[in-house]
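Here is a friendly note to read alongside the model. Please keep the viewer open and look up each point as you go.

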Amino acid sequence: MSYNRHTFEDFQNTNRRRCEDGFGHPVAWDEASWPLENWALAIAGEAGELCNLIKKCLRGDFTVPEKRADILREMADIITYCDLAISSLGADTGETVWGKFHEVSARIQWPQDERIDALETRVAE
């Protein structure tokens with residue numbers, strides 16, 4: 001199944017509903033049962049799992065191609081928790097990610113036209 005046509009907005013809305021309805025965690029930064037600190041710890045935990053996989057590849061236990069699927073799953077977990085943390089702050093994931101992308105692009109002086117062309121190319125595909 002291909003999921004690549006879904007937007008940040010689709011993901012954020014579905015992720016929030018799954019978290020609240022499926023896991024029973026209200027998504028709000030000041031939620032007493034699951035505050036922002038818990039989202040940060042969840043992100044760090046998943047990043048630790050990713051780092052552990054990479055460490056094992058570096059020391060020769062596995063190769064990256066052998067663990068590629070596991071590495072991608074850990075990266076997806078990180079993105080999922082980052083999205084929930086962004087939601088808990090009442091922000092839009094797409095605006096947050098694209099805003100930061102454009103901020104860094106401007107800092108490195110990557111031309112605005114190329115940034116827009118790259119986005120429009122992806123949307124058209």
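1. The protein has five helices and zero strands, and its elements, read from the N terminus, run α-α-α-α-α. Helices here are DSSP runs of H or I with at least four residues, strands are runs of E with at least two, and both are numbered from the N terminus.

2. A word on the background: this is a predicted model, in which local features need pLDDT of at least 70 and side-chain atom pairs count only at pLDDT 80 or more, while totals for chains, interfaces and linings use all residues. Residues are numbered from 1 along each chain as its sequence is written, and side-chain values use heavy atoms, with hydrogens and water left out.

3. Next, the protein as a whole. Of its 125 residues, 22% count as buried (buried means under 20% relative accessible area, exposed over 50%, partly exposed in between, with a 1.4 Å probe and protein chains only). The protein exposes about 8,900 Å², and carbon and sulfur atoms supply 59% of that area; the areas come from the Shrake-Rupley method with a 1.4 Å probe, and for residues only the protein chains shown count as cover. Among contacts with a separation of 6 or more, 58% link residues 24 or more positions apart, where contact means heavy atoms within 4.5 Å.

4. Now find helix H2 (residues 36-58) and helix H3 (residues 64-88): their axes come within 9 Å and cross at roughly 165 degrees. That makes H2 roughly antiparallel to H3. Axes are lines fitted to C-alpha atoms, for helices over the stretch in contact, and angles run from 0 to 180 degrees between N-to-C directions. Angles under 35 degrees count as roughly parallel, over 145 as roughly antiparallel, 65 to 115 as roughly perpendicular and the rest as oblique. The residues of the H2 and H3 contact divide into 17 nonpolar, one polar and six charged. In this scheme Ala, Val, Leu, Ile, Met, Phe, Trp, Tyr, Cys and Pro are nonpolar, Asp, Glu, Lys and Arg are charged, and the others, Gly among them, are polar.

5. How do H1 and H3 pack? Helix H1 (residues 8-22) meets H3 at an angle of about 85 degrees, with the axes 10 Å apart, and the two are therefore roughly perpendicular to each other. Their contact divides into four nonpolar, four polar and three charged residues. On the H1 side, the residues include Phe 11, Gln 12 and Arg 16; on the H3 side, they include Leu 84 and Ser 87.

6. Leaving aside neighbours within four places in sequence, Ser 87 is in contact with Gln 12, Arg 16 and Val 27.

7. Asn 52, in helix H2, counts as partly exposed at 30% relative accessibility. Its C-alpha atom is separated by 9.8 Å from that of Ile 71, 19 residues apart along the chain.

8. Finally, visit the loop between helix H4 (93-107) and helix H5 (112-124), where Gln 109 lies. Most residues other than glycine have a negative phi. Gln 109 has a positive phi of about 60 degrees although it is not a glycine. Gln 109 is exposed, with a relative accessible area of 68%.
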